[in-house]
Amino acid sequence: MAKTKISTPLLFQSKLLCISLLYLFTTLFLALYTSLHPTNCLFKSSPFDPIQIPLFSYPSTYGEHKYIIPTHRSSCSSPVHFSDYWMVLKEIQDLSRNSSQFSHELRYAKGNRKSFGGNFTIQERISYFHRLHDNVAIPCGFFKRFPVSISDQMAMESCDGVVVVSAIFNDHDKIRQPKSLGSQTLNAVCFFLFIDDVTLKGLHHHQLISTNSQNHTSIGVWRIVEVSSRNLYENPAMNGIIPKYLVHRLFPNAKFSIWIDAKLQLMVDPLLLIHALVIKEDADIAISKHPFFQHTMEEALATARWKKWWDVDALSIQMETYCENGLQPWTPQKLPYPSDVPDSALILRKHGAKSNMFSCMMFNELEAFNPRDQLPFAYVRDNIKPKIKLNMFEVEVFEQVVLEYRHNLKRSTETHTFKPKRTKRVAHDFFVNSTCCSKCTQYLLEMWGESHY
């Protein structure tokens with residue numbers, strides 16, 4: 001009598017098919033779970049009338065959404081709740097009209113758009129910190145001319161509410177359009193993107209800007225402002241520092257501003273961000289904490305180790321200068337400042353005397369040493385008088401209000417780019433000068449003791 005043989009169904013004979021089905025069902029389950037149990041960071045407390053249509057359609061070759069950096073945080077320790085969009089819009093418009101609280105500007109925050117020379121000694125810069133409360137005239141960029149067209153300059157000066165500013169130099173990033181903008185936001189907010197001639201060639205290459213264009217150019221929400229590279233710094237990163245920290249000089253009538261690195265895509269309406277992180281907190285500046293570091297020296301070591309700045313000797317001189325003149329590691333005594341190291345890719349500001357002073361002094365340090373703005377942050381913040389009110393929000397908040405992408409991995413055109421000198425290996429005597437003991441020894445000992453290294 002023949003035995004009956006039970007064979008495996010053909011559906012389950014393919015390992016690849018089985019794996020694909022398992023992946024599909026797992027993904028669907030996770031999507032359903034996320035929709036039923038949203039993260040605490042999705043903190044929109046009311047609808048805010050978002051624009052539904054795409055802001056701009058890029059050619060497929062441009063690749064503006066390539067190389068996104070994933071995040072894995074599922075909750076916030078201190079979530080931020082946004083107010084109703086229409087209430088926020090009216091409140092910010094009322095604040096912008098009532099400009100009396102913004103009119104008081106110290107003399108150092110004014111001045112013309114000419115070079116101050118950039119030749120201040122270390123002792124001169126340090127002396128400014130001790131004289132700020134005397135309302136003295138503090139030099140505040142530009143150390144290089146920032147040449148823009150007359151029409152662009154007039155548009156910048158006419159922006160009298162909220163301005164969102166970004167910059168792409170050396171074709172280092174893609175232009176990314178913000179999402180979830182309210183229906184009246186484009187009427188209430190100015191969006192300006194500064195580019196150099198290298199970036200402009202890349203935009204021509206992708207036919208995003210016509211080579212015959214004579215008038216100002218907009219790409220989506222962004223008004224494109226071309227800045228001639230001839231009179232700027234050799235290092236493109238330093239050129240980006242000008243609109244980043246001297247935004248009150250470029251937009252003298254703006255009441256609030258948001259700086260956003262071009263590697264980021266804004267996912268929340270800028271009016272809601274300004275209201276939640278600056279106005280409701282009564283802050284001068286809002287900025288995210290660094291995701292990993294709390295002490296300035298940790299950032300300095302990482303800057304050298306990961307070749308974020310090529311001149312290791314200059315980094316050593318910079319940090320020893322700060323240590324010699326009073327820089328201390330972070331301790332609970334520095335509260336309410338929860339960290340000495342920010343993630344400065346997103347900066348929200350209320351334009352006023354204190355925030356302008358902070359920005360001026362930051363720019364002076366960056367011009368004197370290097371454009372790594374995490375390094376002088378605590379030194380400037382802890383020394384200026386009067387103190388600024390700083391809202392250092394959680395990293396989880398940062399990761400929910402923006403998407404972060406990697407920089408361009410491939411240039412659009414073959415152009416001359418800035419080539420830094422060869423980076424030295426970080427030596428064991430990184431903070432030891434040739435004639436004396438390290439000026440940062442006490443800092444390091446206190447940092448290691450506080451951090452339990």
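Buried means under 20% relative accessible area, exposed means over 50%, and partly exposed is whatever falls in between (1.4 Å probe, protein chains only). This is a predicted model, where local features need pLDDT of at least 70, side-chain atom pairs count only at pLDDT 80 or more, and totals for chains, interfaces and linings use all residues. Residues are numbered from 1 along each chain as its sequence is written, and side-chain values use heavy atoms, with hydrogens and water left out.

View 1. Helices (H or I, at least four residues) and strands (E, at least two) are DSSP runs, numbered from the N terminus. Of the 453 residues in the protein chain, 50% are buried. The accessible surface comes to about 23300 Å², and 54% of that belongs to carbon and sulfur atoms; these areas come from the Shrake-Rupley method with a 1.4 Å probe, and for residues only the protein chains shown count as cover. Contact here means heavy atoms within 4.5 Å. Take the contacts between residues at least 6 apart in sequence: 87% of them join residues at least 24 apart.

View 2. pLDDT is the predictor's confidence in each residue, from 0 to 100. The chain averages 80, and 73% of the residues score at least 70. Over residues 33-39 pLDDT stays under 50, and the model has two contacts beyond four places in sequence for this stretch. Residues 432-437 also stay under 50, with four such contacts. Where pLDDT is low, the predicted coordinates should not be read in detail.

**View 3. Leu17, Leu21, Leu24, Phe25 and Leu28 make a nonpolar surface patch of about 450 Å².** Like charges are joined within 9 Å, and nonpolar side chains (Val, Leu, Ile, Met, Phe, Trp, Tyr) within 5 Å. Leu21 lies in helix 1 (residues 15-36) and is partly exposed, because its relative accessible area is 32%.

**View 4. Helix 8 (residues 236-245) is mostly covered, with nine of its ten residues buried.** Among the buried ones are Met238, Ile241, Ile242 and Tyr245. The cover includes strand 1 (162-168), strand 2 (189-195), helix 9 (247-250) and helix 13 (353-368). At the start of helix 8, a side-chain oxygen of Asn235 comes to within 3.0 Å of the backbone nitrogen of Ala237.

**View 5. Lys244 sits in helix 8 and counts as buried, because its relative accessible area is 9%.** Its side chain and that of Asp373 are joined by a polar contact of 2.8 Å, that is, a pair of N or O atoms within 3.5 Å; within protein, one must be able to donate a hydrogen and the other to accept it, and residues adjacent in sequence count only if both atoms are side-chain atoms. Beyond four places in sequence, Lys244 also touches Trp259, Asp261, Ser344 and Ile347. The C-alpha atoms of Lys244 and Phe363 are 9.0 Å apart, although 119 residues separate them along the chain.

**View 6. His290 is in the loop between strand 7 (285-289) and helix 11 (296-305).** It is buried, with a relative accessible area of 14%. The His290 side chain reaches two backbone nitrogens, that of Phe292 at 3.0 Å and that of Phe293 at 3.2 Å. Beyond four places in sequence, its contacts include Glu299, Val341 and Asp343.

Note on methods. Patch = residues over 30% accessible without salt bridge, like charges linked within 9 Å, V, L, I, M, F, W, Y side chains within 5 Å. Salt bridge = Lys/Arg side-chain N within 4 Å of Asp/Glu carboxyl O.
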